[in-house]
Structure formats: C-alpha cells, structure tokens
Amino acid sequence: FRAVDRAVPGHPSRPAKLSLLLAALPEHPRDITTMKTKMNTKLNQTKNNLPEKTRGNVIDLLNQNLADIIDLQLQAKQAHWNVKGPSFISLHDLFDKVAHEMGDFADDIAERAVALGGVALGTARVTAHNSRLREYPLDIGPGGDHVAALSNALAAFGKSVRAAIDTAAETGDAGTSDLFTEVSRGIDKLL
C-alpha cells in the first residue's frame with residue numbers, strides 16, 4: 001500500500017493529505033518475530049524468584065508484544081468503524097469482537113510484565129513507536145478489504161506470539177510462555 005501510494009502521488013483513490021500523512025510515517029521492520037527495540041525497563045522489587053536478567057528480558061518481550069497487540073486492537077476498531085457494504089452488520093460485530101479480545105489479551109500481557117517487576121508500556125505513543133505491525137490502510141471501506149487487512153495483521157501477530165512462546169520458554173519463564181500460548185490459541189481461533 002505505501003509503495004503504491006508513494007509511487008502514484010496523484011492517484012484518485014488516495015486523498016492528497018492522506019498520502020502526505022502516510023509518507024511521513026516511519027516504516028517498521030517486516031520481520032514481526034524480531035524485537036524492535038530493547039525496552040530496558042527498570043525492575044521493581046518483587047518476590048518472584050526468576051533471575052533478574054530473565055525477568056528483564058521477558059518484560060522486554062512482553063512489552064514488545066503489548067505494543068503489537070494494542071496496535072492490532074486499534075486496527076480492529078478502525079475496521080469496525082469504517083466497514084461498508086452488504087455484510088456490514090456481521091463484519092461490524094466481528095471486528096468489535098476481535099478488538100475486545102485483543103484488549104483482554106493486552107491486559108493479560110501488561111499485568112504479567114508488572115507481576116515480574118516491570119512497567120507495562122502501553123501508551124499510544126509507545127505503541128505507535130514500538131509496534132512491528134504494518135500500518136493499517138486508512139482508505140478502504142468494503143468489507144472484503146477490511147477482512148483481508150485485519151486477517152493479515154492477525155496472522156503477523158500470531159507468528160510473533162508463536163516465536164514469543166519459544167523465547168519465553170528458553171529463558172526459563174514457563175508462566176509467560178504459557179500466557180503466550182493462550183494468546184496464540186485465541187489468535188488462531190480468529191483467523
């Protein structure tokens with residue numbers, strides 16, 4: 001979408017202001033399984049007996065996936081608000097369900113980061129800066145286009161969560177690995 005938008009600046013299907021806005025947005029890495037940034041969250045005191053280094057690494061992993069899932073939740077709301085066409089009611093309700101489920105998973109991920117002695121980094125600015133998901137297309141309306149865009153985002157996030165299951169297990173944090181397994185199963189049900 002971005003490449004086409006930049007290559008065809010006056011394309012009639014893309015408003016000029018939207019093209020300028022999208023051109024100004026930073027590109028995100030396309031490998032959704034690689035952490036975008038090291039969060040380096042200061043650890044708080046906790047009775048959790050996982051080693052401090054393990055907790056720090058897992059909190060970074062949790063916060064990376066928190067940014068991605070909050071972005072995914074907002075992409076589902078974008079689809080919910082803007083879907084048009086003959087399947088409007090069913091898709092409108094489906095997209096709202098996806099957004100709600102992503103919100104529940106985001107809550108679980110954030111609470112796990114805090115339980116390990118970290119800080120949940122879930123503000124809009126942190127999410128926009130750290131999400132690895134592709135930008136959601138803002139100029140679509142037909143239901144099928146929203147289904148495709150949201151399905152792609154769900155699949156990308158699902159891939160990331162499956163990698164996070166293994167990463168958390170390799171660090172020795174079975175609890176976080178189990179949490180990511182639960183999230184992965186929920187994503188798979190929505191695909």
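This is a predicted model: local features need pLDDT of at least 70, side-chain atom pairs count only at pLDDT 80 or more; totals for chains, interfaces and linings use all residues.
Me: How many helices and strands does the protein chain have?
Reply: The protein chain has seven helices and zero strands. Helices (H or I, at least four residues) and strands (E, at least two) are DSSP runs, numbered from the N terminus. Along the sequence the pattern reads α-α-α-α-α-α-α.

Me: Why is α4 called roughly antiparallel to α7?
Reply: The axes of α4 (residues 88-115) and α7 (residues 174-190) cross at roughly 175° and come within 11 Å. That angle makes α4 roughly antiparallel to α7. Angles over 145 degrees count as roughly antiparallel, under 35 as roughly parallel, 65 to 115 as roughly perpendicular and the rest as oblique. Axes are lines fitted to C-alpha atoms, for helices over the stretch in contact, and angles run from 0 to 180 degrees between N-to-C directions.

Me: Which residues make the contact between α4 and α7?
Reply: On α4 they are Val-98, Glu-101, Met-102, Phe-105, Asp-108, Ile-109 and Arg-112. On α7 they are Gly-175, Thr-176, Leu-179, Phe-180, Glu-182, Val-183, Gly-186, Ile-187 and Leu-190. Contact means heavy atoms within 4.5 Å. By class, the contact has nine nonpolar, three polar and four charged residues; Ala, Val, Leu, Ile, Met, Phe, Trp, Tyr, Cys and Pro count as nonpolar, Asp, Glu, Lys and Arg as charged, and the others, Gly among them, as polar.

Me: What makes Asp-173 buried?
Reply: Asp-173 has a relative accessible area of 2%, so Asp-173 is buried. Buried means under 20% relative accessible area, exposed over 50% and partly exposed in between (1.4 Å probe, protein chains only). Pro-137 is buried as well, with a relative accessible area of 17%, and Pro-137 is in the loop between α5 and α6.

Me: Why does Lys-53 count as exposed?
Reply: Lys-53 has 67% relative accessibility and therefore counts as exposed. Lys-53 is in helix α3.

Me: Which residues of α4 and α7 are buried, and what packs against them?
Reply: The buried residues of α4 include Leu-91, Phe-95, Ala-99 and Ala-113, and what covers the buried residues of α4 includes α3, α6 and α7. In α7 they include Ser-177, Ser-184 and Leu-190, and the buried residues of α7 pack against α3, α4 and α6.

Me: What makes Asp-68 and Arg-132 a salt bridge?
Reply: Their closest N and O atoms are 2.5 Å apart, and a salt bridge is a side-chain nitrogen of Lys or Arg within 4 Å of a carboxyl oxygen of Asp or Glu. The pair links helix α3 (residues 52-82) to the loop between α5 (124-130) and α6, 64 residues apart. Asp-68 and Arg-132 are both buried.

Me: Why is Arg-112 with Asp-173 said to tie together parts of the chain?
Reply: The side chains meet in a salt bridge at 2.8 Å, N to O. Arg-112 lies in α4 and Asp-173 in the loop between α6 and α7, so the pair ties together parts that are 61 residues apart in sequence.

Me: How do you know that Arg-162 and Asp-188 meet in a salt bridge?
Reply: The N to O distance is 3.3 Å. Arg-162 is in α6 and Asp-188 in α7, 26 residues apart. Arg-162 is partly exposed at 38% relative accessible area, and Asp-188 is partly exposed at 39%.

Conventions
Residues are numbered from 1 along each chain as its sequence is written. Side-chain values use heavy atoms; hydrogens and water are left out.
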